[in-house]
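Could you have a look at this one with me? I jotted down some points as I went through it, and you can check each against the picture.

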Amino acid sequence: MAGDRPNEAGPEQPGADRRSGEFELIKRHLAPLASDPGSLGLTDDAAVYTPQECHELVLTKDLLAANVHFFADDPPEAIAAKALRVNLSDLAAKGAVPTAYLLGLGLPDDWQEDWLERFCCGLSGDQSAFNVVLLGGDTIRTGDGLQISVTAIGETPVGSAVRRNGAEAGDRVYVSGTIGDAAAGLKARLDPGFAHRLGLADSDHRHILDRYLLPQPRVKLTGAVRASASAAMDISDGLLADAAHLARASGVDLVLDMAAVPLSAALAAIARADEQMFHACLNGGDDYEILTAVPEDRASAFEADAAAAGCPVTRIGKVGSGSGEVHLQGPDGPLPLDRFPGFRHF
């Protein structure tokens, strides 16, 4: 993590008593997170990492920007947790056990020492919760707007990583958790009258806000995914958008029963109050649940393993022969995909 240049954070700025040069910043705030010997105490330009014998590495990276993926005034602890957790979700979908991560941190000109301390406290808490450690990374000054890049590292027995291209006709389709809560939480953040207008109880309002602010990566589902899934991916762009990604990668069609999609009490209330808003939330993204295809003869074992892990799953459809399309079934017949707008990166 130590940079090749004397001070990645740039020349000394006004208010220097609240700031640190790059090496001091690393030593004070980030080095305590790097407990693995391979991190070399963040004193070198690279880490040394050795996976378990007969295991291979699964790597993933997500880049988050202020006021795009999170609000700049969110609690620093929550920003740190979200940056890490969205990557752990990707590893869980591959059946990989998370072990370590690299951190790229782009701080705006007005960053404060106490903000960084709280950010690192958030990382420390999640390192303990998910049994991962910081190995290295880089710090820069971005000038305008916080940017965070995390590369997460997981391990899986050689040849056992689950990809999105293995679904076959006859497989059953499952999701973990509930769908649409985070997208509803974002709408509630942007619109102060959202919860009142849709008749949400205070507890439901808090639930959707929390699901947006703090994703819950389904790392406990890792073993069940690896043991039974033919294909899997996490749901970040929206249920239907990511179902389409899986269908195209596998060269199959997915037939989803929209009445079977698991909903929280909050989403059920939104569905009763405003069907159009419900459709937007359902495919709005940021769920970080796991979408899986499971062979029929493994379905019961998958459900049992998921329940034993404390992460129940719901069957929402099946895989059919085709060329990469998603078909939606409602109580009165087929539903058009364009009824469910989703998240777009660009």
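Here are my points, from the overall build down to single residues.

1. First, a word on what you're looking at: this is a predicted model. The protein has 346 residues, and 49% of them are buried. You'll find 11 helices and 11 strands in it.

2. If you take the contacts with a separation of 6 or more, 85% are between residues 24 or more positions apart.

3. Next, the inside. In soluble globular proteins, nonpolar side chains tend to be buried together. Here the largest nonpolar core has 40 residues, and L200, L239, L254, L256, M258, I270 and L291 have the most contacts inside it. Helix α8, residues 239-250, gives this core its largest share, 6 residues. There's also a second, separate core of 30 residues, and L88, V132, L134 and A152 are among its members.

4. Pick out L256 and look around it. Keep V173 and G317 in mind, as both names come back below.

5. Strand β5, residues 172-176, deserves a slow look. How many of the residues of β5 are buried? The count is 5 of the 5, so β5 is largely enclosed by the rest of the structure. In a regular strand the side chains alternate between the two faces of the sheet. You can follow that along β5: R172, Y174 and S176 point one way, V173 and V175 point the other way, and all are buried.

6. What does β5 pair with? One partner is strand β8, residues 289-294, in the antiparallel sense over 4 bridges. Within that pairing, Y174 has T292 as its bridge partner. Strand β9, residues 313-321, is also antiparallel to β5 and is joined to it by 5 bridges. There, V173 has G317 as its bridge partner.

7. On to the rings: the count of aromatic pairs comes to 3. In one of them, W115 and F119 have ring centres 5.2 Å apart and planes at 15 degrees; planes under 30 degrees apart count as stacked, so this pair is stacked. W115 and F119 are 4 residues apart in helix α3 (residues 113-130), which means about one helical turn separates them. Both W115 and F119 are buried.

8. Compare that with Y174 and F302. Are these rings stacked or edge-to-face? Their centres are 5.2 Å apart and their planes are at 65 degrees; over 60 counts as edge-to-face, so that is the answer. This pair links distant parts of the chain, with Y174 in β5 and F302 in helix α11 (residues 299-308), 128 residues apart. Why does Y174 count as buried? Because its relative accessibility is 0%, and buried means under 20%. F302 is buried too, at 0% relative accessibility.

9. Last, two charges to find on your screen. K82 has its charged end over the ring of Y212, 3.9 Å from the ring's centre. R189 has its charged end over the ring of F71, at 4.0 Å from the centre.

Note on methods. Residues are numbered from 1 along each chain as its sequence is written. This is a predicted model: local features need pLDDT of at least 70, side-chain atom pairs count only at pLDDT 80 or more; totals for chains, interfaces and linings use all residues. Side-chain values use heavy atoms; hydrogens and water are left out. A nonpolar core is a set of buried Ala, Val, Leu, Ile, Met, Phe, Trp, Tyr and Cys residues joined through side-chain atoms within 4.5 Å. Buried means under 20% relative accessible area, exposed over 50%, partly exposed in between (1.4 Å probe, protein chains only). Helices (H or I, at least four residues) and strands (E, at least two) are DSSP runs, numbered from the N terminus. Contact means heavy atoms within 4.5 Å. Rings of Phe, Tyr and Trp (its six-membered ring) pair if their centres lie within 6.5 Å; planes under 30 degrees apart count as stacked, over 60 as edge-to-face and the rest as tilted. A charge sits over a ring if NZ of Lys or CZ of Arg is within 6 Å of the ring centre and within 35 degrees of the ring normal. Two strands pair if DSSP finds at least two bridges between them.
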